[in-house]
Amino acid sequence: MPTSSAKSSSNSHSRFKKKIEVKCWCEDLCPVFVSRTPENPGKKFWGCPNYKGEGGCGFFRWVDDEGIQKQDMMPESNCITEQRQMMALMQMVVVLLGAILFILVLVLCKI
């Protein structure tokens, strides 16, 4: 589930700095990449660090000048988490139904 948190630090010689940490749906910390496409040259974005390997989640968000856009805090990540939980629950139901069917077949074969 993508999450963001702002951290700020300061010292006596600098103003407050805002550090944004964004996690992808793999729950990994996303590095900031720089686009090299003709459409968005030099534009910064967060991306899943596993995009080159198998199993990456495909997470992608643009970084704006202020660090993070409102769309980066989208509730879609919560929706995906809920869908994954629902899928796990449905898989358990299928296994239980299979076990019940097996028992019923055994009982009917003995009659």
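Start by selecting residues 86-109: their end C-alpha atoms sit 35 Å apart, and the span is 100% helix and 0% strand. Helices here are DSSP runs of H or I with at least four residues, strands are runs of E with at least two, and both are numbered from the N terminus. UniProt, in an unreviewed entry, annotates residues 86-109 as "transmembrane region"; its positions are given in the numbering used here, feature names are shortened, and annotations may be inferred rather than shown by experiment.

Before you click on, a word on what's loaded: this is a predicted model, where local features need pLDDT of at least 70, side-chain atom pairs count only at pLDDT 80 or more, and totals for chains, interfaces and linings use all residues. Residues are numbered from 1 along each chain as its sequence is written, and side-chain values use heavy atoms, with hydrogens and water left out.

Now colour the protein chain by secondary structure. You'll get one helix and five strands, in the sequence pattern β-β-β-β-β-α.

Next, pick out β3, β4 and β5. These three strands make an open sheet in that order, with antiparallel pairing. Since β3 and β5 are at the edges with a single partner strand each, one side of each is left without a neighbour in the sheet. From one strand to the next, the twist averages 35°. That angle is taken between N-to-C directions, on a scale from 0 to 180 degrees, using axes that are lines fitted to C-alpha atoms.

Zoom in on β3 (residues 32-34) against β4 (residues 44-47): three bridges join this antiparallel pair. To count as paired, two strands need at least two bridges found by DSSP. Select Val-32 and you'll find Trp-46 as its bridge partner in β4; do likewise with Val-34, and the partner is Lys-44.

Slide across to β5 (residues 60-62), which runs antiparallel to β4 and is joined to it by three bridges. Which residue of β5 stands opposite Phe-45? Trp-62 does.

The protein chain exposes about 8900 Å², with carbon and sulfur atoms supplying 62% of it; accessible areas come from the Shrake-Rupley method with a 1.4 Å probe. Of the 111 residues, 17% are buried, meaning under 20% relative accessible area (1.4 Å probe, protein chains only).

How values were computed:
Buried means under 20% relative accessible area, exposed over 50%, partly exposed in between (1.4 Å probe, protein chains only).
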